[in-house]
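Let's take a walk through a protein chain together.

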Amino acid sequence: METLHTKEVANGTEDTDGVYKAIIQPCCIQDLSIIRAEDKIHAFPSTRYYGSKRRLLPWIFENLKDLTFRTVLDGFGGTSSVSLLFKAMGKEVTYNDALLSNTIAAQALLANKVPFDNIEEVDRFFDSVSPVNGIISEMFQGVFYLNEENSWLDGVIQAIYLETELKRNIYLYCLFQACLQKRPFNLFHRANLNIRTNTSVKKSFGNQTTWDTSFSILAKRAYRELEQTIWRSPSQHSVLSPTDVSDLDTGYDLVYFDPPYINKKHSGDDYLRRYHFLEGLCQYKEWQDMIDTSYKNLQFKKKIHISEWQSRSYFKERLFSLINKHKKSIVVLSYVDNDVV
Ligand SMILES: C[S@@+](CC[C@H](N)C(=O)[O-])C[C@H]1O[C@@H](n2cnc3c(N)ncnc32)[C@H](O)[C@@H]1O
């Protein structure tokens, strides 16, 4: 048995003198509700999302921990990693991202409890998927995954939509992780299944073993990671419907902005092009109408508020007007040295 001293935050004000003492049995060490914020970080899920701050969280924590704030907006929330840090710090966090897939993942990650009786329920769900024909097997042949994998994806999506919203969010989160892991570069920006199938070429990137691992195994693994992340927080949090960051209300004690990075030479793909397939999975019935068939990767039709944040011509103007709008809050900005700001 060991004693852990944690500095807990009550209603957002740092409780510096009221040190909370918790007696922790070694077997309860995963109970994140009684572990210090900086220690909780290690249990957050790993991610391969483009621009994720998951690995920088200890550094971000060190730089934020002495600021006084209770309510916080994570305006470009991405993988929720920074929102989870705020939750671990006991703050009232509001998550936003322009992508629906990220929003659904945030609902799963920031939840206070899991809706399953036991882990076997999740295993049974992914193990019992029946492959069927659907938009993925019909439209995405040879684009991202093998034919039998496409039919499995059509099957799992149809099964997921029969579940309650809480379970659906978690199943989708696990499926997103599996989909990303099975993709070269973890992206959907190119129709490049051949990189995976051309086994005669030696690759210096990616992991053939993971690409060839089944969706159900990877999804079940993702659930195990997710389960470790979920803990009950005394502070409230909210996940907004996907909104252009420029349209969000003001009034938070602190706003955290982690916008897309714009390289000086080229703007790069926007987030919708990188992750459109996940967006399709969570808008399955409407998917076909959202596709721009002039692209080989069958990406979504452009959304101006996403592409402009990735454009050298608009980025600076959008960023400065966003900071100006929130000037009464503490503004925390992540950026890359040498990129456009
Ligand atoms: C650099 S990533 C944020 C990474 C995040 N902090 C994390 O740790 O995962 C930028 C995010 O901005 C989102 N985004 C792009 N345009 C947006 C907009 N107009 N409004 C809100 N979010 C937007 C993208 O979907 C992407 O998730």
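What percentage of the 341 residues of the chain count as buried? The figure is 35%. Bear in mind that what you're looking at is a predicted model. In it, the chain forms 15 helices and nine strands.

Now go through some of the pairs. Strand β5 covers residues 71–74 and strand β6 covers residues 92–95; four bridges hold this parallel pair. If you want a spot to look at, find L73, which stands opposite T94 in β6. β5 also runs parallel to strand β8 (residues 254–257), joined to it by three bridges. Here V72 stands opposite L254 in β8. Carry on from β8 to β9 and you meet another parallel pair, with four bridges. V255 has V331 in β9 as its bridge partner.

While you're at β9, stop at I330, which has its place in this strand. Is I330 buried or partly exposed? It is partly exposed, because 15 other C-beta atoms lie within 10 Å, and a residue needs 20 or more to count as buried. I330 touches L67, F69, D253 and L254, leaving aside residues up to four places away in sequence. Take L254 from that list: I330 and L254 are 76 residues apart along the chain, but their C-alpha atoms are separated by 4.5 Å.

Time for the helices. Helix α12 (residues 271–281) is mostly covered, with eleven of its eleven residues buried. Among them are Y271, R274, H276 and E279. What covers these buried residues? The cover includes α4 (100–109), α7 (147–160), α8 (165–181), α13 (287–290) and α14 (304–307).

Let's pick α8 out of that group. Two packed helices are described by the angle between their axes and the distance between the axes. For α8 and α12, the angle is about 145° and the axes are 11 Å apart. The contact is made by L172, L175, F176 and C179 on the α8 side and by F277, L278 and L281 on the α12 side. Sorted by class, this contact has seven nonpolar residues, no polar ones and no charged ones. As α8 passes α12, the crossing is right-handed.

Next, look for the ligand. How many residues surround the ligand? There are 21, and the closest are G51, K53, F76, G78 and T79. Two elements give two or more residues to this shell, namely α3 (81–88) and α14. By class, the shell has ten nonpolar, seven polar and four charged residues.

Two loops hold something worth a look. Most residues other than glycine have a negative phi. S80 isn't a glycine, yet its phi is positive, at about 75°. You'll find S80 in the loop between β5 and α3. S80 counts as buried because 32 other C-beta atoms lie within 10 Å. F185 is another residue other than glycine with a positive phi, near 65°. F185 lies in the loop between α8 and α9 (193–197). With 15 C-beta neighbours inside 10 Å, F185 counts as partly exposed.

One last stop is E225, in helix α11 (residues 215–229). E225 has 16 C-beta neighbours inside 10 Å, so it counts as partly exposed. Along the chain, E225 and A43 are 182 residues apart, and their C-alpha atoms are separated by 7.9 Å.

Note on methods. Residues numbered from 1 in each chain as written. Predicted model: local features only at pLDDT ≥ 70, side-chain atom pairs only at ≥ 80, totals over all residues. Pairing = 2+ DSSP bridges. Buried ≥ 20, exposed ≤ 12 C-beta atoms within 10 Å, placed from the backbone. Contact = placed C-beta atoms within 7 Å. Near = placed C-beta within 6 Å. Nonpolar A, V, L, I, M, F, W, Y, C, P; charged D, E, K, R; others polar. Axes fitted to C-alpha atoms, helices over the stretch in contact; angles between N-to-C directions. Left-handed = near helix turned anticlockwise from the far one by under 90°.
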